Amino acid sequence: MATSTIEEIMAGIEKDRAEAEAKAKGGIKSIADLLAVAGIDSVEIYFDGAGDSGSIEEIAGITDGESVEIKDFLREQIESWADAVLDSTGVDWYNNDGGFGTITIDVKGRTYEYEVNQRQTTSSVEASGTVNVDTGEEI
């Protein structure tokens with residue numbers, strides 16, 4: 001089995017990210033068009049992940065400030081598109097401590113916004129010292 005260099009691995013990661021970005025930017029127009037025809041003003045997409053997995057947790061349609069149903073076929077398209085948006089960021093929001101966030105589609109404004117948060121565990125030294133073995137005194 002051939003081994004890859006770090007440069008080859010990084011090039012592959014960048015290629016995957018660029019392909020996801022193209023899918024995200026290319027797929028939103030038809031989704032926004034379908035949402036507009038359905039009379040949906042905006043969509044809130046919530047995602048969360050940790051350990052070694054993550055998922056889209058909720059896709060909520062909103063019209064006139066009220067929650068509205070999004071048909072399954074459109075929901076599936078939105079979820080696939082949202083996965084591409086997340087992949088395009090290059091943020092590892094699903095491994096280790098994971099992450100979470102939102103993607104908002106403003107149908108009327110013809111824009112989308114995304115926010116990806118990454119959880120991090122931090123630590124700090126709360127006590128330390130050096131003790132003389134013979135005297136038991138702190139040095």
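User: Which runs count as helices and strands here, and where does numbering start?
Analyst: Helices (H or I, at least four residues) and strands (E, at least two) are DSSP runs, numbered from the N terminus. This is a predicted model, in which local features need pLDDT of at least 70 and side-chain atom pairs count only at pLDDT 80 or more, while totals for chains, interfaces and linings use all residues. Residues are numbered from 1 along each chain as its sequence is written, and side-chain values use heavy atoms, with hydrogens and water left out.

User: How many helices and strands, then?
Analyst: The protein chain has 2 helices and 4 strands, in the sequence pattern α-β-β-α-β-β.

User: Where is confidence lowest and where highest?
Analyst: By pLDDT (the predictor's confidence in each residue, from 0 to 100), helix α1 (residues 6-37) is lowest at a mean of 77, and strand β2 (residues 66-68) is highest at 96. The chain mean is 88, and 88% of residues reach 70 or more.

User: Changing topic: what percentage of residues is buried?
Analyst: Of the 139 residues, 25% are buried, meaning under 20% relative accessible area with a 1.4 Å probe, protein chains only.

User: Which residues have the most contacts inside the largest nonpolar core?
Analyst: They are L35, I45, W81 and I105, in a core of 20 residues. Such a core is a set of buried Ala, Val, Leu, Ile, Met, Phe, Trp, Tyr and Cys residues joined through side-chain atoms within 4.5 Å.

User: And which elements give two or more residues to this core?
Analyst: Those elements are α1, β1 (42-63), α2 (72-89) and β3 (95-106). The most come from α2, with 6 residues.

Methods. Buried < 20%, exposed > 50% of the residue type's maximum accessible area, 1.4 Å probe, protein only.
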